[in-house]
Structure formats: C-alpha cells, structure tokens
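Me: I've got a model open and want a quick tour. Can you start with the ligand?

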Amino acid sequence: MTHAAAPQAPTFAVVPGAQVHEALHGREQDVVATVEAAYRLHGEGLTVNPDSYFLRFPDRPADRIIALPASVKGGVGVHGIKWISSFPGNVAAGLPRASAVLVLNDAETGYPFACLESSIISAARTAASAALAAARLADARGERPRRVGFFGVGLIARYIHTYLAANGFEFTEAGVHDLSADHAHGFADYLRRSGGEHLAVTVHEKPEDLVRSADLLVFATVAGEPHVTDPAWFAHHPLVLHVSLRDLSPRIVLDSWNVVDDIEHCLKAGTSPHLAEQLVGHREFVAGTLYDVLTGAITPPADRPVVFSPFGLGVLDLAVAKHVYDHVLATGLLHTVPGFFHELKRYG
Ligand SMILES: NC(=O)c1ccc[n+]([C@@H]2O[C@H](COP(=O)([O-])OP(=O)(O)OC[C@H]3O[C@@H](n4cnc5c(N)ncnc54)[C@H](O)[C@@H]3O)[C@@H](O)[C@H]2O)c1
C-alpha cells in the first residue's frame with residue numbers, strides 16, 4: 001500500500017519593502033504583463049474577488065482601512081488578502097498616505113506562507129493597470145497621446161508616469177494641477193528631471209486649463225466627491241485614467257465612453273460611475289470592462305471622451321505579490337520565520 005507524501009511543514013516568510021522594490025523596479029513591462037494575465041484570468045472566471053471591506057472611523061472620516069481578499073487560479077495559483085490603510089493626513093507629516101501588508105495563502109492547505117510589504121505592490125499594480133488600459137485604448141483609437149495631464153500628484157501619479165514611460169508612451173507636453181502648489185511644483189520638478197529634455201512641463205493653477213491641455217488625463221487625487229463638473233472641458237475627447245474614481249460629475253461620465261475593471265465592483269462606494277447609475281437608474285453608459293478591450297469585444301471611439309475607472313481588484317495585488325515572492329525565492333534571499341507555525345501535531 002502506498003502512502004501519500006507527508007505534507008511539508010509549512011514555512012512563513014516576510015518580504016520587506018526593499019526586496020519588493022528590488023523585484024519590481026526597472027521591470028515595469030513584466031509587471032504590466034503580470035497584471036494583464038490577471039485581468040484575463042478574472043475575465044475567464046478563474047478568480048474569486050469578493051467585495052472590498054471598508055473599515056471607517058466615525059471620529060476620523062477622511063481615513064479608512066480596506067481589506068481585499070481574493071483568489072487566483074491559473075499560473076498564479078494562490079489565495080490571499082491585502083490590508084491597506086489610507087490616512088491622507090500622513091502626507092503633511094512627511095509620511096505616505098497609504099500603507100499596506102499582503103498575506104499569501106497556499107492554494108492546497110490554506111496556510112499563509114508569506115507577508116509582503118504592499119504599498120509598493122499596490123502602487124505598481126495600479127500604475128500597471130493604468131498603463132495597460134492607456135496603451136490598449138489609445139492603440140484602438142489609432143493614436144498614442146503626446147500631451148499628458150496629471151490631476152492630483154502624489155505617489156500614484158509618479159508611479160503611473162513611470163509605467164506610462166516604460167510602456168511606450170512618449171510625451172512632448174506634461175501639465176500638472178494639484179490643490180497644493182507645493183505638490184504641483186514638486187511633481188513638475190520630478191517630471192523635468194525624469195521626462196527628458198524634450199518634455200515641456202507646465203503647472204496649471206486652473207483645473208480647466210489642465211483638462212483642456214491634455215489628450216491623456218490622469219486623475220489621482222483624494223477627492224471624496226466630484227469636483228470636475230463641466231463636460232465642455234472634455235470637448236477635445238481625451239483619454240481619461242480616472243484612478244481616483246470620484247473626481248468626475250455624473251454628467252461627464254454619462255457624456256463619455258466608459259470602461260471599468262469590473263462592473264459590479266466599480267459601481268459601488270460612491271464612485272463617479274456609481275453616482276451616474278443612481279442618476280439615470282441603469283448601467284448602459286458602461287461599455288464594458290478592460291478584459292473586453294483586451295479581447296477586442298469592444299472598441300473605444302475616437303470622437304468621445306474615453307474614461308477608464310478601475311476600482312482596483314485584489315486579484316491584481318495577489319498576482320504581483322506572487323511574482324515578487326517567486327523572484328525573491330529564486331534569488332535565495334527569502335527571510336523565513338523559523339517556528340512560525342508551532343502546533344502542528346494533532347495530539348502533541
Ligand atoms: N483605483 C485604484 O486601483 C487605486 C489604487 C491605488 C490608489 N488609488 C487612489 O489614487 C489616489 C492617489 O493616491 P496617492 O497615494 O497618490 O495620494 P496622495 O495623498 O499621495 O496624493 C494625492 C494628491 O492629490 C491632491 N488633491 C487632493 N484633492 C485634490 C483636488 N480636488 N484637486 C487637485 N488635487 C487634489 C493632494 O494635494 C495630493 O497631492 C487616491 O485617491 C487613491 O485612493 C486608486
């Protein structure tokens with residue numbers, strides 16, 4: 001009689017931010033490929049991605065911590081959860097707004113096997129998703145925009161710029177707008193340093209000037225409610241990466257061709273598409289998902305504004321985290337915690 005192989009004693013690793021950075025920095029095209037593969041698995045029904053759970057605080061309404069549990073089959077083959085805080089007041093104190101950890105669980109045993117610093121993973125997957133959408137939507141419309149505009153310029157805007165540049169976008173003009181003049185000028189300096197000598201960088205005090213000056217617009221504010229309300233600003237039909245989700249009025253959403261990452265997820269939690277649905281009582285203004293764009297099922301028009309609103313799927317975090325874990329494991333530098341799982345014998 002043969003016996004099944006005795007299960008390996010589970011191990012547990014901790015992957016700090018420095019190792020995550022080392023695994024992802026300079027490999028932006030790999031991260032975009034990882035994110036595209038995860039979107040395809042999601043579109044093919046090979047993921048489980050329940051609603052994000054928002055922990056909010058009655059005495060600190062600007063702050064939140066979100067849990068994103070998920071499971072991915074296919075080449076990724078893990079379960080897990082990202083636990084990500086957003087405390088916008090951190091920025092004034094010199095700390096990033098977002099901080100996060102992500103736990104990977106073994107698909108067979110359910111055992112957690114790694115905890116990764118995840119603010120970098122989260123920013124990277126967000127930027128990779130934005131760059132992927134921008135590339136596919138722009139190519140389908142027949143032209144890569146050369147004039148980019150950044151509306152709200154923190155860490156996410158910087159990552160999106162890096163991922164756009166690493167994935168074939170070449171800009172001649174970059175506009176910047178932020179409620180904080182310090183942030184706007186700091187980001188403009190960053191663009192001048194990293195964008196090459198042919199990039200003309202302008203800080204726009206008026207949001208209207210920024211919107212009208214860009215053919216690719218990136219919204220990465222922390223606005224809780226729509227503050228851009230005039231559809232006439234979009235008369236030149238820009239491609240809009242609406243990453244912060246709550247900047248555009250329902251009227252602008254309804255005037256645009258809309259693509260989301262996941263319809264059920266994105267039309268929730270007071271996002272601009274959710275407000276648009278509440279206004280008109282249907283979802284017909286959503287043309288489809290990024291997966292539909294990837295498969296060619298839908299094609300964006302050139303004669304309307306095109307708005308991509310990504311809610312941010314936990315499956316993307318898991319896919320990028322597994323990519324990082326595999327890289328660190330292969331380099332032989334994985335930090336495991338000896339004896340992390342202790343009670344392993346049923347009767348002692
Ligand atoms: N959809 C996704 O998958 C996803 C993932 C990660 C982050 N995000 C979102 O991206 C946004 C940016 O994140 P971050 O870490 O860069 O934040 P951050 O706090 O570092 O930067 C946000 C910037 O926006 C500016 N700002 C706020 N309100 C503004 C307004 N009304 N007009 C102009 N500027 C304004 C702030 O001054 C700040 O400089 C957040 O809303 C976050 O929730 C979305």
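Reply: Two helices, α3 (119–141) and α4 (155–166), each supply at least two residues of the shell around the ligand. Helices are DSSP runs of H or I with at least four residues, strands are runs of E with at least two, and both are numbered from the N terminus. This is a predicted model: local features need pLDDT of at least 70, side-chain atom pairs count only at pLDDT 80 or more, and totals for chains, interfaces and linings use all residues. Residues are numbered from 1 along each chain as its sequence is written.

Me: Which element gives the largest share of the shell around the ligand?

Reply: That is α4, with three residues.

Me: And which residues come nearest to the ligand?

Reply: G152, G154, I156, T221 and G312, out of 30 residues around the ligand. A residue is near a molecule or strand if its C-beta atom, placed from the backbone, lies within 6 Å of it.

Me: What's the shell like by class?

Reply: It has 16 nonpolar, twelve polar and two charged residues. Ala, Val, Leu, Ile, Met, Phe, Trp, Tyr, Cys and Pro count as nonpolar, Asp, Glu, Lys and Arg as charged, and the others, Gly among them, as polar.

Me: Where does the ligand shell lie relative to the domains?

Reply: Between domain 1 (13–121 + 314–336) and domain 2 (131–309), because both give residues to the shell. The bounds come from an automatic or database domain assignment.

Me: How many Å separate the domain centres?

Reply: 24 Å, taken over C-alpha atoms. The contact takes 13 residues from domain 1 and 13 residues from domain 2. Two residues are in contact if their C-beta atoms, placed from the backbone, lie within 7 Å. On the side of domain 1 that touches domain 2, six residues are nonpolar, three polar and four charged.

Me: Switching to the whole chain. How many helices and strands?

Reply: The protein chain has eleven helices and 16 strands. Its C-alpha atoms fill a box of roughly 75 × 45 × 45 Å along the principal axes.

Me: What about the radius of gyration?

Reply: The protein chain has 21 Å, which agrees with a compact globule of 348 residues, where the value would be near 20 Å. The radius is taken over C-alpha atoms, and the globule rule is 2.2 Å times the number of residues to the power 0.38.

Me: What percentage of the chain is buried?

Reply: Buried residues make up 42% of the 348 residues. Buried needs 20 or more other C-beta atoms within 10 Å of a residue's own, exposed means 12 or fewer, and partly exposed is in between, with C-beta atoms placed from the backbone.

Me: OK, strands. Which way do the residues of β12 point?

Reply: β12 covers residues 239–242. L239 and L241 point one way, V240 and H242 the other, and all are buried.

Me: What does β12 pair with?

Reply: Strand β11 (residues 216–219) runs parallel to β12, joined by four bridges. Strand β15 (residues 306–309) also pairs with β12 in the parallel sense, over three bridges. Pairing needs at least two DSSP bridges between the strands. H242 is the bridge partner of F219, and F308 is the partner of L241.

Me: What's in the loop between β11 and β12?

Reply: H237 is in that loop. H237 has a positive phi of about 60 degrees although it is not a glycine. Most residues other than glycine have a negative phi. H237 counts as partly exposed because it has 16 C-beta neighbours inside 10 Å.

Me: Now K82. Buried or exposed?

Reply: K82 is buried, with 26 other C-beta atoms within 10 Å. K82 is in strand β5 (residues 78–86).

Me: What is K82 in contact with?

Reply: Leaving aside neighbours within four places in sequence, the contacts of K82 are L68, A100, L102, S118, S122, G314 and D317.

Me: How does β5 pair with β6?

Reply: In the antiparallel sense, over nine bridges, with β6 covering residues 98–106. G80 has L104 as its bridge partner. β6 also pairs with strand β7 (residues 112–117), antiparallel, over five bridges.

Me: What's in the hairpin of β6 and β7?

Reply: Five residues lie between the strands, and G110 takes a positive phi near 80 degrees.
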